[in-house]
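Me: I have a structure open here and a few things to ask about it. Can we go through them one by one?

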Amino acid sequence: MSQPQDALGLDAGAVDLLKLLADRTPRTRAEIAQLTGASRSTVFNRINALRRAGLVVGVGEGSSTGGRPSTRFALNDRARTVGAMQIGRRHCTVAVADLGSGILARERFDIRLSDGPEIVLDRASEELERLIRELPAEYGPVSVITVGVSSPIDPTTGLIFNVSPMPNWSSFALEPWLRARFAVDILIDNDATLMAIGEHAAHYPSAEDLVFVTVSNGIGVGLILRGSAYSGAHGLAGDIGHLPVRRPDADVPCNCGNTGCLVAVASSDAIFSELRSRGVQVENAQDLFALVRDGDVTTAHVLRRAGRDLGDVLTSCVTLLNPSVLVVGGFLAFAGDHLMAGIREVLFARSIPHITDSLTIAKTQTEREASITGAAIHGALWTLRQENITRLLATAPVVAAREALTAVR
Ligand SMILES: [Zn+2]
């Protein structure tokens, strides 16, 4: 007896088949029949319906025990797309990605957070809408938009904490504003958390526990614990910028009212002002990279010391959490190896050997794209979650993928 079908001609079994393929592992019809318990002819019909809907594609030839090789089928990465926004302190990046987390288009532009959320979000939305509009026709509609901000987010209210880089954003509800504009689900998270999610999924998928520290004009940590992102009870886990540095001469005033905070001695602004006080001309990241390239001794010394200060605080982090991977990102990680050397120096000197013996310490492999890549990966993973798969069907129109129109063998 046939099951009821929806507007796409998909019965509940076809949806279950789509859920099976959401792990992005290509499978033959025979494998699918075995895994779902459906007959081969039923699987044949369901695959055809999913191909017509553009949700599944044939990918290469499966191995066969003699005779004709059998086609494998996989979820179509182009069936839906993901929007991503990274609202930094001075720049915003928007991007569109497919469900395989491949970035299809991106745009980066300067912003002033002091202009307030509506002006910044309006510009970011315009740019993202343009990228979506310009996508080739074989890409499906946007299923979700992920937004990264340089501040903790309270998971219960969805509001940005009232912190120094975004003071006039704290009462603004980003999620409803963006949902009204795009009419899709909106995910908002701290950028360090998104970087951790992206780095973990792309480069350390088997690591259960990963710490990602981002060091630029802010300093923050994103956490993957037992394979999942962890933000704490109120979204503040990993907000390490105002932890104290033990160095006696680190009594630099911080905008939080304390002195000797990590962000006050090891952020890019702190490093620039320390270099200028020592007579080194530096205004921005490009100047810093040039000084490092030219082998400027003062710059090397200041970066190494900032690395030691980071290592000081990170020693507590790794001792508390015992991660298997510590990733360092943010643009300061790429100003030569001085910062990394300082971090390693203190981590190895101050941690018990059991902690560091099994700890991989590395720079991010996505360089300055870590936050937008992480946002895209987070959106794709969210879309492919079992509980969200049926939303793929809800976000019509149906995409007639070119492959799906070819004759089915
Ligand atoms: Zn502080």
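Me: Is Cys254 buried or exposed?
Reply: This is a predicted model. In the model Cys254 is buried, because its relative accessible area is 11% and the cut-off for buried is under 20%.

Me: And Cys261, buried or exposed?
Reply: Cys261 is buried too, with a relative accessibility of 2%.

Me: Which residues coordinate the zinc ion?
Reply: Both of those cysteines take part, Cys254 and Cys261 through their SG atoms.

Me: What geometry does the site have?
Reply: The site of the zinc ion is tetrahedral, with angles of 103 to 122° among the four donor atoms. For four tetrahedral donors, the ideal angle is 109.5 degrees.

Me: How are the donor residues spaced in sequence?
Reply: The spacing is H-x11-C-x1-C-x4-C.

Me: How many disulfides are there?
Reply: Zero, in a search of the whole structure. A disulfide is a covalent bond between the sulfur atoms of two cysteines.

Me: New topic. How many cavities of 30 Å³ or more are there?
Reply: The count is one. The largest cavity holds about 30 Å³ of space.

Me: Which helix gives the largest share of its lining?
Reply: That is α6, with five residues. Helix α6 covers 191-203, and α13 (370-383) also supplies at least two residues of the lining.

Me: What kinds of residues line that cavity?
Reply: Four are nonpolar, five are polar and one is charged. Among the lining residues are Met195, Glu199, His203, Thr366 and Ile377.

Terms used:
Residues are numbered from 1 along each chain as its sequence is written. This is a predicted model: local features need pLDDT of at least 70, side-chain atom pairs count only at pLDDT 80 or more; totals for chains, interfaces and linings use all residues. Side-chain values use heavy atoms; hydrogens and water are left out. On a 1 Å grid over the protein atoms alone, a cavity is a set of points where a 1.4 Å probe fits but cannot get out, and a pocket is an open set with protein on both sides within 12 Å along at least five of seven lines; lining residues have an atom within 4 Å of a point. Grid points are joined across faces, edges and corners, and a volume is the space filled by probe spheres set on the points. Helices (H or I, at least four residues) and strands (E, at least two) are DSSP runs, numbered from the N terminus. Ala, Val, Leu, Ile, Met, Phe, Trp, Tyr, Cys and Pro count as nonpolar, Asp, Glu, Lys and Arg as charged, and the others, Gly among them, as polar. A disulfide is a pair of cysteine sulfur atoms within 2.5 Å. Buried means under 20% relative accessible area, exposed over 50%, partly exposed in between (1.4 Å probe, protein chains only). Donors are N, O and S atoms within 2.8 Å of the metal (3.2 Å for Na, K and Ca); water is not among the atoms, so sites may look incomplete. Four donors count as tetrahedral if all angles lie between 85 and 135 degrees; four count as square planar and six as octahedral if opposite donors are over 155 degrees apart and all others between 65 and 115; anything else is irregular.
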